Amino acid sequence: MSTAGSLPNPGNPRHGAVVRVTHWINVLAFFALLVSGAEIVISHPRFYWGEVGNALTCPLFTLPIPASRSTVPTGYGYVLPDQNGWSRSLHF
């Protein structure tokens with residue numbers, strides 16, 4: 001019969017240092033993808049189907065948020081600052 005007190009080396013961590021470090025690197029990479037993806041969507045809140053998509057193409061659907069580009073019509077009277085360059089570099 002096995003009990004929790006009979007585990008070998010109960011004071012040692014379950015995972016080694018390499019596993020823990022690579023998991024935290026994965027968390028940071030996921031956070032970077034999340035932030036950069038959100039900025040890409042804010043830059044152009046329109047989603048297209050197919051191989052092409054730009055401000056002159058009819059989108060599949062549009063998110064009702066203010067865009068950071070004046071070429072994207074959203075119906076709002078203001079435009080957010082465009083930070084699309086760093087987000088595309090980081091995301092892709």
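Ser36 is buried, at 0% relative accessibility (buried is under 20% relative accessible area, exposed over 50%, partly exposed in between; 1.4 Å probe, protein chains only). This is a predicted model, where local features need pLDDT of at least 70 and side-chain atom pairs pLDDT 80 or more, while totals for chains, interfaces and linings use all residues. Residues are numbered from 1 along each chain as its sequence is written, and side-chain values use heavy atoms, without hydrogens and water.

Ser36 sits in helix 1 (residues 17-43). Helices are DSSP runs of H or I with at least four residues, strands runs of E with at least two, numbered from the N terminus. The Ser36 side chain reaches the backbone oxygen of Ala32 at 2.8 Å.

A search of the whole structure finds one aromatic pair. The ring centres of Phe47 and Phe61 lie 4.8 Å apart with planes at 15°, so the pair is stacked (centres within 6.5 Å; planes under 30 degrees apart are stacked, over 60 edge-to-face, the rest tilted). The pair links distant parts of the chain, 14 residues apart: Phe47 is in strand 1 (residues 46-47) and Phe61 in strand 2 (residues 61-62).

| Residue | Relative accessibility | Class |
|---|---|---|
| Phe47 | 30% | partly exposed |
| Phe61 | 42% | partly exposed |
| Phe31 | 51% | exposed |

Phe31 is found in helix 1.

Definitions and conventions
Rings of Phe, Tyr and Trp (its six-membered ring) pair if their centres lie within 6.5 Å; planes under 30 degrees apart count as stacked, over 60 as edge-to-face and the rest as tilted. A polar contact is a pair of N or O atoms within 3.5 Å; within protein, one must be able to donate a hydrogen and the other to accept it, and residues adjacent in sequence count only if both atoms are side-chain atoms.
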